Amino acid sequence: MPKQPSDPAPAPDQGEQAPTRHRNRRGEGPRLREEIVRAATAIIVRTGSDQAVTLRSVAREVGIAAPSIYAHFADRDAIVDAVVVESLTQLRESVLGASDGYQDPVEALLAGCAAYVEFGTREPARYRLLFGSPRAKQEESPCDPEGFAGIGGPDADGVDGADSASPGASHGLLAFQTLVDSLEACARAGRSAGDDPFGDAVALWTALHGQVTLRAGLPNFPWPPTDTVEQLVRRLGRITPET
């Protein structure tokens, strides 16, 4: 009986292929979007910068083909924007979570500011992305202190952040508004001599930001204890003794 010809051998791989990944079931598209953002965040944390974030590197991290990303993000900048939004949201949640439950507005302010510094020192790469990347500076949008409280909130149609210039703008302003609200609460309780909560918040935020960035950039400097954060808050927040 003649020997049947064997099946042809498979062709060798041509170029790099994405790792095998099971297709999302119906309704699981948002999960892939979360995985893409998580992968980009991991790359930023690992390399210390968003420069290594590309469609190819993110796809490799997730285990998908790069074109699959386009169903969720227009380009790599949109992915970085999503990382910024998520990081700002987590920063704000950390501050609110730390200050929640305090009846004394000063104690709430102190706890929130300590949480801010703790987040920045624990997540140096993500914190640097929020305020130090060239992209963050390009997307900075001016705002009027008089109308500050409304920026980033729902508009008349209920759309969040409809008047912001960049995806992260409304989240950044909401995070800053948390500090303004805390100082206003101290003033209402008669615990702050300040009459300009926006200006006081700018001064305090500048000092807290300096704490984070300088400690990260000069780790060998003989920094005083971290309780200097409380001194900054009491001084720049114009906190008065409890009567």
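This is a predicted model: local features need pLDDT of at least 70, side-chain atom pairs count only at pLDDT 80 or more; totals for chains, interfaces and linings use all residues.

The side chain of Arg46 forms a salt bridge with that of Glu61, with a distance of 2.9 Å from N to O. Side chains of opposite charge can pair when their charged atoms come close.

Let us now consider helix H2 itself. Helix H2 spans residues 55–62, and its buried residues are Leu55, Ser57, Val58, Ala59 and Val62. The cover over these buried residues includes helix H1 (29–47) and helix H3 (76–99). After helix H2 comes Gly63, which has a positive phi, near 95°.

An annotation also falls on this part of the chain. An unreviewed UniProt entry records a "DNA-binding region" over residues 54–73. Within that span, 40% is helix and 0% is strand, and its end C-alpha atoms lie 12 Å apart.

Helix H1 contains a further pair. Arg31 and Glu35 form a salt bridge through their side chains, at 3.9 Å from N to O. These two residues are both in helix H1 and stand four residues apart, about one turn of the helix. An α-helix has 3.6 residues a turn, so residues three or four places apart point the same way. Arg31 is partly exposed, because its relative accessibility is 40%.

The side chains of Arg76 and Asp50 meet at 3.7 Å, N to O. Here too distant parts of the chain are linked: Arg76 lies in helix H3, Asp50 lies in the loop between H1 and H2, and the two are 26 residues apart. Arg76 is partly exposed, with a relative accessible area of 23%. Asp50 has a relative accessibility of 7% and so counts as buried, the cut-off being under 20%. Salt bridges with shared partners join Asp50, Arg76 and Asp77 into one network.

Thr178, which is placed in helix H7 (residues 169–188), touches Arg92, Val95 and Leu96, leaving aside residues up to four places away in sequence. Thr178 is buried, because its relative accessibility is 9%.

Finally, this part may be set within the whole. The protein chain has nine helices and zero strands, and 38% of its 243 residues count as buried. Of the contacts between residues at least 6 apart in sequence, 63% join residues at least 24 apart. The structure holds eight salt bridges, among them the pair of Glu61 and Arg46 and the pair of Arg76 and Asp50.

How values were computed. Residues are numbered from 1 along each chain as its sequence is written. Side-chain values use heavy atoms; hydrogens and water are left out. Buried means under 20% relative accessible area, exposed over 50%, partly exposed in between (1.4 Å probe, protein chains only). Contact means heavy atoms within 4.5 Å. UniProt positions are given in the numbering used here, feature names are shortened, and annotations may be inferred rather than shown by experiment. A salt bridge is a side-chain nitrogen of Lys or Arg within 4 Å of a carboxyl oxygen of Asp or Glu.
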